[in-house]
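Please read them with the structure open beside you.

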Amino acid sequence: MSRIPFFNLKAPYQELKAEFDIAYHRVMESGWYILGEEVTSFEEDFSAYCGTKYCVSVGNGLEALRLILEAYEIGSGDEVIVPANTFIATWLAVSYCHAKPVPVEPAAQTYNLDPERIEMAITPRTKAILPVHLYGQTADMKPITEIARRYGLIVIEDAAQAHGACYYDRKAGSLGDAAGWSFYPAKNLGAFGDAGAITTNDQKIAEKVRILRNYGSRTKYYNELKGYNSRLDPIQAAFLKVRLNFLDEWNERRKKAADGYFAGLGRIPALILPFVPIWSNPCWHQFVIRSTQRDKLRAHLNESGIETLIHYPVPPHLSDAYSAEGFREGSFPITEELAQTVLSLPIGPHFQNHQQEIVINEILNFFL
């Protein structure tokens, strides 16, 4: 029995081998391996794709968020509103700046930050709201930005899962004051290693991140700030430039797979399928179902050779990393219920129709 992988990391290279090989040889023969034209070229292309004036590439998605926060001078004594339901990197970026992450529950249907709960969490110390576009679907940004304007807050998008996703007709990454991106290999736009970027229309913030990522220096050996070493390698920039040309096409493949799941699983009362609001055009980074029988279903699929993942089994507030913050079970019941019921099914641009038929049939066999 051949297994159905959750995501095929080798397939992107196999499909675009000729383009990737040309990019590799171009970089290797250039003799320029830190920053330079390849990085600048990708930054220009990605900012144009997102509809922003600036893109600054960095080492990874966590550092993208941290450098944005630092560029806005958010630090000790400050608070940042974050989703309770997210990957822990969103919280860590705030903690690394010595600010306090203040979690807010998700909307029950979308699993993204609930705008109706934000104002209750705002205090005189609140400096920013950091919504996550979870699973490839944007948060409800209009009410979030309206609240931010009322209270004079910065809005920072965690767009690590939202490459190509839209809120109405606007791309993720252009919806707040700045956005942090991850190009981890399994993302819709993935590198062949760790990589990240920020997008913004704020020239001052872009320039400050550009300085911070490079030891706090514009000119070598002349350091203006206590910066970091967080730079995108030219080889990864060249590979990302190749993949960016195929992002929309590959997202369409993901959408077709999502449509296939909706058609095949829609008649199972015991399953909760993703909810797509009228303002959302997801890029389907993940296809996440919910079931009170999640663990048994996952075991059944695994026995049938189908890999699944849980995004995420332990909410940040219940992790050991934040055990000193005073959170306990029951602090965020919606988030905790999601952690116990969500299951991510295989999806991706190289997920084959016959593989999806097997996944759907095994789920039907389990429930019906």
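1. Is Tyr135 buried or exposed? In this predicted model, Tyr135 has a relative accessible area of 8%, and because the cut-off for buried is under 20%, Tyr135 counts as buried. The residue is found in the loop between strand E4 (126-129) and helix H6 (141-151), where Tyr135 takes a positive phi of about 65 degrees although it is not a glycine.

2. Tyr135 also belongs to the lining of the largest cavity, where it is listed with Leu134, Gln137, Pro274 and Trp284 as the closest to the centre among 13 lining residues. The structure holds 1 cavity of 30 Å³ or more, and about 120 Å³ of space lies in the largest cavity. By class, its lining has 8 nonpolar and 5 polar residues, with no charged residues.

3. Tyr221 likewise has a positive phi, of about 80 degrees, without being a glycine, but this residue is exposed, with a relative accessible area of 69%. Tyr221 lies in the loop between strand E10 (217-219) and strand E11 (222-223).

4. Helix H4 (residues 61-71) is mostly covered, with 8 of its 11 residues buried, including Arg66 as well as Leu65, Leu67, Ile68 and Leu69. At its N-terminal end, Asn60 caps H4 through a side-chain oxygen that lies 3.2 Å from the backbone nitrogen of Leu62, while just after the helix Glu73 takes a positive phi of about 60 degrees.

5. Please also look at the peptide bond from His311 to Tyr312, which is cis, with omega near 15 degrees. Tyr312 lies in the loop between helix H10 (294-303) and helix H11 (333-341).

Technical notes:
Residues numbered from 1 in each chain as written. Predicted model: local features only at pLDDT ≥ 70, side-chain atom pairs only at ≥ 80, totals over all residues. Heavy atoms only, no water. 1 Å grid on protein atoms, 1.4 Å probe; cavity = no way out; pocket = protein on both sides within 12 Å on 5 of 7 lines; lining within 4 Å. Points joined across faces, edges and corners; volume = space filled by probe spheres on them. Nonpolar A, V, L, I, M, F, W, Y, C, P; charged D, E, K, R; others polar. Buried < 20%, exposed > 50% of the residue type's maximum accessible area, 1.4 Å probe, protein only. Helix = DSSP H or I, 4+ residues; strand = E, 2+ residues; numbered from the N terminus. Polar contact = N/O pair within 3.5 Å; in protein donor to acceptor, adjacent residues only side chain to side chain.
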